[in-house]
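Here is a briefing for a reader new to this structure. Look at the model first, then read the points below.

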2 protein chains.
Amino acid sequence: MADLANTPPLERPSVIAAHALIKEHIHYTPVLTNTTLNDLASTPQSASTLAGTPWAGQKPANPKIRFWFKCENFQKVGAFKVRGAFHALKRLMAEEAWEEISARGVVTHSSGNHAQALALAARTMGVPAHIVMPTISTPSKIAATKGYGATVIFSGSTSTEREAVVKDIMQQTGARLIPPYDHPDIMLGQGTLGLELQEQVLQMNGGMKGLDAIIAPCGGGGMLSGVALSCEGTGIQVFGAEPEFEGADDCKRGLESGKRIETVKTLTIADGLRTPVGAYPWTVIHDRKLVRQMFSVTEEQIKAALRLVLERMKMVVEPSAVVGLATALFNEDFRGIVEREAGDKGWDLGIVVSGGNVSVEALGKMFEVSPAKAERQEGKVGKDGEKVAENVAG
Amino acid sequence: MADLANTPPLERPSVIAAHALIKEHIHYTPVLTNTTLNDLASTPQSASTLAGTPWAGQKPANPKIRFWFKCENFQKVGAFKVRGAFHALKRLMAEEAWEEISARGVVTHSSGNHAQALALAARTMGVPAHIVMPTISTPSKIAATKGYGATVIFSGSTSTEREAVVKDIMQQTGARLIPPYDHPDIMLGQGTLGLELQEQVLQMNGGMKGLDAIIAPCGGGGMLSGVALSCEGTGIQVFGAEPEFEGADDCKRGLESGKRIETVKTLTIADGLRTPVGAYPWTVIHDRKLVRQMFSVTEEQIKAALRLVLERMKMVVEPSAVVGLATALFNEDFRGIVEREAGDKGWDLGIVVSGGNVSVEALGKMFEVSPAKAERQEGKVGKDGEKVAENVAG
């Protein structure tokens, strides 16, 4: 990593500078819209949907929402993580000891997208990459990381175990550490997607109107804080979204208590969001209040949003990528804000679709059908077809 | 349906005229490219992949292929079928008895995409639609058809059963029949995607070079024959692709014997391609030789191509939509043609991605993991992580 003494200040111009450094290496990913999802978000939830939620019995909110999906699932390596990885390497290149660094290589620990991202960035720059991955990482991600030419070293799953292996490698090889999220260079790199999203929405709206707000997923918080920096001073509000399962909503709980939560142990299906928010991102999210509010969603809400993106947008995304959409569709606190503050005008709402790295087997498992349900869905229903159809439509 | 005496001649200018009639009602769907798939198609298959195929022991072909995917999965109702449905209705509107027709409505039988397509077209034009669907149709398709305001009437699955119900409805209501594929107006409507694809590739190549060939899926043959008409006189070669499972490759077998096969009973996963080729499409495909050759692919090849599109292109498509890609990747007869005829220059090859209507449950079932395999894929492997990764990468 570039020396912390030399990192650019955490402000919007540094995100713009980061974009100039990396744009030749990344995809300018598309921004998509979808009428069906706009209609769904702009219709009050039914009382039966709200039963069993914290908002049971309340009058459902009636916001007007126009979505702008920033599709980082179409990014290189299938996720936004290449932005931070390329930026970190480019900043390293500006340091004097570059020749030495490029001989010794870089090292990181990551169970997924950051691993592939750093492997690609290192190969592009001609630097050896050592990637420490937990043994339980998704095999397709391990294979992809190796496919980009990195050396993969296995470790246990806890951060203590991972970091011990990283330390060993640094001692053996002299490799420089590129952490997955907790560093200014990574935050500034990830934030470049926020700049593009702002520019694209303005352009698609014929230069007449930009975004009102953005919701971004929050795991380690590198991307969320970067997006917040990209919006500083623009008037665009930034919100964060997390899974609530097994305490994965550490950033939300931390903001509520005023103290960062440093450990999380969750197996939420949003596997990119299992990490606690990092110290540097926290300074942007909490200390500087650049993220207005955090929201959390349930596993079922994540699955429902995932199904909508797959079946309606015909787009493959990973569960972590839809927590923002799930918030806008299902979280009454968020929906109430939009209704109260925007009224009939509604909001142009940017949704960061963070990645698309999910295997067909994992998708299959998420939407597994029980034998009884399978029978109905196969239409094995004798002659009572009308009834089947109604079951499904309802 | 418009009177057959009045249908336009089956030639390219009629496809252009059809496009002018329908373009305000349909999406101009994107054409996408993908480097990974180009590389894969332009690499010889391994001997082990070819073992057990008709090409076992032969030297694998070494073609150069650049794909251009015409993405009709992003079309309205998620499939190309809206093109034919809108064209058929627009042509009806040109007939004198329109007011009467619009009062009596239209009728068709379809288990899937044509049902939704006609329902949407009819609602847009303000015409009642009666859709006869087999009881075993996918419930989501039934629900979607009803969602577009059509009246759904259930029938048995055989064509005799379906047609009997259609006949009843025509007698009761006076509704006009809009068949799913076997009519010139439908063929000309579907062919409009071929025009767009030609135009888009030329544009994306900077006006310097257009397509060399197109592969399109063939079920009833309405779309394949329409695409062939759209290419007549352009020098672009047109090929058709079918599943081979349980005789679904009726068009291929018919071309080989010189006689159209009129009945097919198959449960190929490519559920849009279970119908035999129709009489009108046959005149274009066979009699006028506008389709150069038909190819068939196995269920496993369809699944492999589907996985690549889902995981690499991050795009949701239905199994029927990938038979063209599967042909280009896996069929040595086709690959040999490209190698021999194009050499190092290679082919710019259009792939018609016909639709994206598949439920997450259906996808899950297609890629179900066996318990043993699941355990490996979950990474429950003790300390031998390195070995797991190699299994997966291999």
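Predicted model: local features only at pLDDT ≥ 70, side-chain atom pairs only at ≥ 80, totals over all residues.

Residues are numbered from 1 along each chain as its sequence is written, chains are lettered from A and ligands numbered from 1 in the order in which they are written, and side-chain values use heavy atoms, leaving out hydrogens and water.

**Domains of chain A**

- Chain A splits into domain 1 (30-74 + 211-358) and domain 2 (82-177); the bounds come from an automatic or database domain assignment.
- Taken over C-alpha atoms, the centres of domain 1 and domain 2 of chain A are 29 Å apart.

**The interface between the domains of chain A**

- Five residues of domain 1 of chain A touch four residues of domain 2 of chain A (contact means heavy atoms within 4.5 Å).
- The two domains of chain A bury about 390 Å² between them, and carbon and sulfur atoms give 20% of that. Buried area is the accessible area (1.4 Å probe) that two parts lose on being put together, summed over both.
- On the domain 1 side, A:E72, A:D271 and A:N357 lose the most area to domain 2 of chain A, together 73% of what that side buries.
- The rule finds one salt bridge across this interface (a side-chain nitrogen of Lys or Arg within 4 Å of a carboxyl oxygen of Asp or Glu).
- A:R83 and A:E72 form a salt bridge, with their closest N and O atoms 2.7 Å apart.
- The side of domain 1 of chain A that touches domain 2 of chain A has no nonpolar, one polar and four charged residues. Here Ala, Val, Leu, Ile, Met, Phe, Trp, Tyr, Cys and Pro count as nonpolar, Asp, Glu, Lys and Arg as charged, and the others, Gly among them, as polar.

- A:V77 has a phi near 55° and is not a glycine.
- A:V77 sits in the loop between β2 (65-71) and α4 (81-93) of chain A (helices, H or I, at least four residues, and strands, E, at least two, are DSSP runs numbered from the N terminus).
- A:V77 counts as buried because its relative accessibility is 9% (buried means under 20% relative accessible area, exposed over 50%, partly exposed in between; 1.4 Å probe, protein chains only).
- B:K314, also not a glycine, has a positive phi of about 60°.
- B:K314 lies in the loop between α13 (299-312) and α14 (323-330) of chain B.
- At 7% relative accessibility, B:K314 is buried too.

**B:E299**

- B:E299 belongs to helix α13 of chain B and is buried, at 13% relative accessible area.
- Beyond neighbours within four places in sequence, B:E299 contacts B:P243, B:F245, B:T268 and B:I269.
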